[in-house]
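Here is a short note to read beside the model. Keep the sequence open as you go.

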Amino acid sequence: MRILSGIQPSGSPHIGNYFGMMQPAIRLQEEGDAFYFIADYHSLTSTHDAVTLRGNVHDLAIDFLACGLDPEKATFWKQSDVPEVTELAWILSCVTPMGFLERCVSYKDKIAQGISPSHGLFAYPVLQAADIMLFDSNVVPVGKDQKQHLEVTRDIAQKFNDRYGEDLLVVPEPRIREETATVPGLDGRKMSKSYDNSILIFEETEKKLRKKIMKIVTDSTEVEQPKNPEGSYIVDLYRLVASEAAVKEMEDSFRAGGQGYGHYKQQLFEALRDHFAPMREQREKLAADTDYVEGVLEEGAKKARTKAREVIARVRDAVGM
Ligand code: ADP
Ligand code: TRP
């Protein structure tokens, strides 16, 4: 079973990225042939400065490795080191009806957020489909917001196979973990870089982490009053890092009343800090060893490229090249 996923180097990853995509991907590396990459071609749709892009790629590689991506188990590379993907994207473009892309909400969302509308942004899902199909991927772990892109990928694969031959391209399955499909941000909307509501995996200081957690939106129930744990973003976030028993204790205490939200936020702060502490330590070591990190990506690109060349040869042959 080939498992594949990608993440854009668009700034420091937040805990929504972690629980939605990185942690499931890291767990799946035990279960199959895992292929993970940093989607720098995709980031050209929004990052227009070379120094920033290069820096973001390097930092994200460190973050992913620190979080537990194991290069002994998973192939890990930078998308642009396997340029065959752009060739496949073009070939897939020619089987993709405009309607597939016109229905994608992420294009409209991104424009609404102020990203400039470009052909690249519009065609983004075709490149994503190429990422997936170039490696005969079966399973794609992602957060819920990627569901539509995976549907488009499957539709493109089917179109290609209808036109050129059954089973030429593998039709992949998304793997979306229900419990962490959408991690809420400080304001309760989906946690996202673009909403200014995220908690980073690696906040610069503990003080910053605590300050952010204290900003989580709550209702105005008085300290003494019982509180509803259902729909509380504090409890939702606590559930991601605390044991079942600890979550139950917090829920019971909510219902009993007598504590203010600040108390629970403090508990959440400590749990998050402790959860990521070993990864933070690992990250410091990796940050001091640039050669190792670059070496991992180079090695990964070699392995990925071997597989990519096999698939692109099959595709070129099928379409008449
Ligand atoms: P952002 O919305 O912050 O720009 P990306 O679109 O770069 O995040 O997402 C990278 C990966 O993280 C994707 O697989 C996406 O589904 C996942 N992801 C992002 N935000 C969340 C969230 N709030 N909850 C769960 N998964 C998320
Ligand atoms: N579009 C994805 C995101 O914004 C990143 C991505 C690019 C991806 N190519 C992929 C995810 C292939 C899974 C598979 O998060």
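1. Ligand 2 has 14 residues around it, and Gly6, Tyr124, Gln128, Asp131 and Gln146 come nearest. Near means a heavy atom within 4 Å. This is a predicted model: local features need pLDDT of at least 70, side-chain atom pairs count only at pLDDT 80 or more, and totals for chains, interfaces and linings use all residues. Residues are numbered from 1 along each chain as its sequence is written, chains are lettered from A and ligands numbered from 1 in the order written, and side-chain values use heavy atoms, with hydrogens and water left out.

2. Look at the side chains next. An N or O atom of Tyr124 lies 2.7 Å from a nitrogen atom of ligand 2. For Gln146, the distance to a nitrogen atom of ligand 2 is 3.1 Å. Gln8 has a side-chain N or O atom 3.4 Å from an oxygen atom of ligand 2. The protein covers 90% of the 370 Å² of accessible area that ligand 2 has on its own (Shrake-Rupley method, 1.4 Å probe).

3. Which elements supply at least two residues each of the shell around ligand 2? They are strand E1 (2–7) and helix H7 (119–133). H7 gives the largest share, four residues. Helices (H or I, at least four residues) and strands (E, at least two) are DSSP runs, numbered from the N terminus.

4. Now the whole protein. It has 13 helices and five strands. Its C-alpha atoms fill a box of roughly 75 × 45 × 40 Å along the principal axes.

Note on methods
A polar contact is a pair of N or O atoms within 3.5 Å; within protein, one must be able to donate a hydrogen and the other to accept it, and residues adjacent in sequence count only if both atoms are side-chain atoms.
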